[in-house]
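These are my notebook entries on a chain that I went through element by element. I set down each term with its cut-offs where I use it.

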Amino acid sequence: MKISVVGTGYVGLVTGTCFAETGVIVTCVDIDKVKIEKLKKGIIPIYEPGLETMVKRNVEKERLFFTTNLKESLEGAESVFIAVGTPPDEDGSADLKHVIAVAREIGQHMTQYIVVTTKSTVPIGTAKKVKAAVQQELDKRGANIPFDVASNPEFLKEGAAIDDFLKPDRIVIGTESEEAEKLMRKLYKPFLLNGHPIVFMDIPSAELTKYAANAMLATRISFMNDIANLCEIVGADVNMVRKGIGSDTRIGNKFIYPGAGYGGSCFPKDVKALIKTADEHKYSLQVLKAVESVNDSQKEIIFNKIMQYFNGNVKGKRFAIWGLSFKPNTDDMREAPSLVVISKLVEAGATVKAYDPVAMEETKHKIGNTILYAADQYDATIEADALVLMTEWQEFRVLNYKTLAKNLKSKIIFDGRNIYEPNEMIEEGFTYYSIGRKAINH
Ligand SMILES: NC(=O)c1ccc[n+]([C@@H]2O[C@H](COP(=O)([O-])OP(=O)(O)OC[C@H]3O[C@@H](n4cnc5c(N)ncnc54)[C@H](O)[C@@H]3O)[C@@H](O)[C@H]2O)c1
């Protein structure tokens, strides 16, 4: 079996590689020539644990190919997966220009029956637009070639993408075509040996499922952040509340950790796009509007705590920031809460020296030399007025208190992810601010 995957970002590259791993011949396509040249040489443009080895293995076995030539990738392919970016447009809706451009190119070049599958996160009605774009191009060249469309949203998590793809909780497919259904069953069978379901549905339901899933997860986070802020006001401990509610099987333990706000390439843009879709249909998604606004203020919460501690003046102060990526195990900086804190600190006249195990290059692309970059986490703390933790990488979890005490001008920690124990801070004599828990002052 042969397929084509268009777009070799986090989703396309993982999708293509994991299909190749099952023996399917996969051609991954991207318009970014530099990216494709790097991939051909085995250089992976993103940080994703386990991906590099898997890409190399499948390239060597001649099951995984990279090209900028979409036409070439379609030859003999039974399905083409569209996995290009759908960034937010100025009004918050998903920008479909890349998806439609690919659909047009497919229509221009396809020579046999193919299933055109959207894997990008796209609003309801997109599969229809894709179908129309392909058909228009076929009509232009007078070609009478049948094709079907399917919607196959992706639920992988950056940082655990390979595992999520190989062992998905479920596969969602929206299609009206029996042939497309048969093909999807065949393609996904190797990933469903654990008994997890492949759920077939109509196309609009599949398109909405992806947004509803991300919106639900974002809602849990914002809800917990709201509760955390109330905890601080009334003197409760959000960690206790979290454990108390999480052990209720109706609620569960996942996605109820408070912090410095959600970021990344998906939650912020998908919440925005879903609100926009509803607005366009004259329906107001009130819960999601609140989710977004809570998150916007939560991204500023660590900066506000810093300002409060330093009496509103951080001019000339220096801060060590640990963690830049929007979450651990990725170098993705899109909508990262660290960027909000950094820009506010810099604007207020402070200096920042940051360290992240993998995201410093990506940060340099985004904000260049507005901050200093440290050689390691403790280097960042030398002569700093406080340590600010923004991303909960494993290597930050156990502190070397002696080195910190030696390096920092004052023993102060702002913890945006609640990874440290307040009791330990009391014992070690550190001033400690976290989320939804009492501050410890020395
Ligand atoms: N990143 C995630 O964790 C995740 C998870 C689930 C779903 N999604 C969705 O999947 C889609 C892709 O996300 P991503 O994070 O992989 O994006 P990305 O920005 O990392 O990659 C997109 C790739 O598409 C390429 N591209 C753009 N236009 C093209 C064209 N005309 N032809 C060929 N290639 C083209 C770009 O060069 C880029 O390499 C988005 O809709 C996103 O919402 C992302």
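Entry 1: burial. I call a residue buried if 20 or more other C-beta atoms lie within 10 Å of its own, exposed if 12 or fewer do, and partly exposed in between, with C-beta atoms placed from the backbone. The model is predicted, and I took local features only at pLDDT of at least 70 and side-chain atom pairs only at pLDDT 80 or more, while totals for chains, interfaces and linings use all residues. Residues are numbered from 1 along each chain as its sequence is written. For elements I use DSSP runs numbered from the N terminus: helices are H or I runs of at least four residues, and strands are E runs of at least two.

I looked up Val-34 and found it in helix 2, residues 33-40. Val-34 counts as exposed because 9 other C-beta atoms lie within 10 Å. I also noted Pro-45, which is 11 residues from Val-34 in sequence and 9.6 Å from it in space, C-alpha to C-alpha.

Entry 2: helix 12. I compared its length with the expected span, which is 1.5 Å times one less than the number of residues. Helix 12 (residues 286-298) has 13 residues and should span 18 Å at 1.5 Å a residue, and its end C-alpha atoms are 18 Å apart, so the two agree.

Which residues of helix 12 are buried? I listed Leu-288, Val-291, Val-294, Asn-295 and Gln-298. They lie on the same side of helix 12 because they cover an arc of only 120 degrees around the axis, the arc being that of the directions from the helix axis to the C-beta atoms. An α-helix has 3.6 residues a turn, so residues three or four places apart point the same way. On the other side of helix 12, I found Gln-286 and Ser-293 exposed.

For cover I used contacts, where two residues are in contact if their C-beta atoms, placed from the backbone, lie within 7 Å. The cover over the buried residues of helix 12 includes helix 9 (203-234), helix 11 (267-280) and helix 13 (301-309).

Entry 3: helix 11 against helix 12. Axes here are lines fitted to C-alpha atoms, for helices over the stretch in contact, and angles run from 0 to 180 degrees between N-to-C directions. At what angle do helix 11 and helix 12 pack? I read about 145 degrees, with the axes 10 Å apart. Residues Val-271, Lys-272, Leu-274 and Ile-275 of helix 11 meet Leu-288, Lys-289, Val-291 and Glu-292 of helix 12. Sorted by class, this contact of helix 11 with helix 12 holds five nonpolar, no polar and three charged residues. I count Ala, Val, Leu, Ile, Met, Phe, Trp, Tyr, Cys and Pro as nonpolar, Asp, Glu, Lys and Arg as charged, and the others, Gly among them, as polar.

Helix 11 itself has 14 residues and reaches 20 Å from its first C-alpha to its last, close to the 20 Å expected. Its buried residues include Phe-267, Val-271, Leu-274 and Ile-275. Their cover includes helix 9 and helix 12. After helix 11 comes Lys-282, with a positive phi near 60 degrees.

Entry 4: positive phi in loops. Most residues other than glycine have a negative phi. I noted Glu-62, with phi near 60 degrees, in the loop between helix 3 (51-60) and strand 3 (64-67). Glu-62 counts as exposed because it has 9 C-beta neighbours inside 10 Å. Asn-418, with phi near 55 degrees, sits in the loop between strand 13 (412-415) and helix 18 (422-428). Is Asn-418 buried or exposed? Asn-418 is buried, since 21 other C-beta atoms lie within 10 Å.

Entry 5: Lys-305 is placed in helix 13 and is buried, with 20 other C-beta atoms within 10 Å. Leaving aside neighbours within four places in sequence, Lys-305 is in contact with Phe-414 and Tyr-433. Lys-305 and Phe-414 are 109 residues apart in sequence, yet 8.0 Å apart C-alpha to C-alpha.

Glu-300, in the loop between helix 12 and helix 13, is partly exposed, with 16 other C-beta atoms within 10 Å. With neighbours within four places in sequence left aside, Glu-300 is in contact with Val-340 and Lys-344. Val-340 is among the buried residues of helix 14 (residues 337-347).
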